[in-house]
Amino acid sequence: MSIWWSLHLRREAASVPLARRLLIGTMETAGVDPDISYDLSVALSEACANAVEHGGDRARGGPGSEAYRVTAYLDGEKCRIEVADAGPGFPGASAGRSRPQIRPAHADAEHGRGLCLIQELADHVHINNKPGRGGAVVSFDKVLKWREGAAPLMAV
């Protein structure tokens with residue numbers, strides 16, 4: 001059985017824990033190992049925080065600039081998460097052409113660690129600009145492990 005959900009969230013700090021709690025609750029219900037759930041929830045928090053901070057252009061206005069989208073898929077043995085915003089996108093990467101560089105942040109840096117953390121916590125990470133109307137897309141996935149004594153969520 002597959003589980004998927006999609007949220008359209010306002011670019012506000014309060015939206016980050018909401019997305020994180022929904023993911024953790026879904027994974028707990030499905031019987032996912034808590035360590036895997038934690039890793040993915042931290043990665044999701046970082047991606048959402050980036051969308052909140054960088055994902056819009058208030059000067060442009062427009063309806064899309066104040067929201068971002070989070071989509072999660074638990075399918076079989078893998079969880080895939082995608083966070084898409086309507087901001088300026090990643091510098092140096094044109095839509096669909098080249099992947100932006102993820103540069104490690106200094107150990108004492110207060111900003112610039114999010115993409116590195118996502119890369120460390122997930123199995124596969126894809127970072128691109130949205131084709132056409134602009135914005136960034138960060139997607140990542142991780143192979144799931146199940147809680148001891150819990151079987152994967154099955155259709156009844």
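**Sheet and helices**

I began at one strand pair: Asn129 stands opposite Ala136 in S5. Six bridges join S4 to S5, and the two run antiparallel. Strands (E, at least two residues) and helices (H or I, at least four) are DSSP runs numbered from the N terminus; two strands pair if DSSP finds at least two bridges between them.

This is a predicted model, in which local features need pLDDT of at least 70 and side-chain atom pairs count only at pLDDT 80 or more, while totals for chains, interfaces and linings use all residues. Residues are numbered from 1 along each chain as its sequence is written, and side-chain values use heavy atoms, with hydrogens and water left out.

I then traced the whole sheet: five strands form an open, antiparallel sheet in the order S1-S2-S3-S5-S4. Strand S1 (2–10) and strand S4 (124–129) stand at the edges with a single partner strand each, so one side of each has no neighbour in the sheet. The twist averages 10° from one strand to the next (axes are lines fitted to C-alpha atoms, for helices over the stretch in contact; angles run from 0 to 180 degrees between N-to-C directions).

I checked the helices next. H1 packs on the sheet and touches S1, S2 and S3, its direction making about 170° with that of S1. H2 also packs on the sheet, touching S2, S3 and S5, at about 180° to the direction of S5. Contact means heavy atoms within 4.5 Å.
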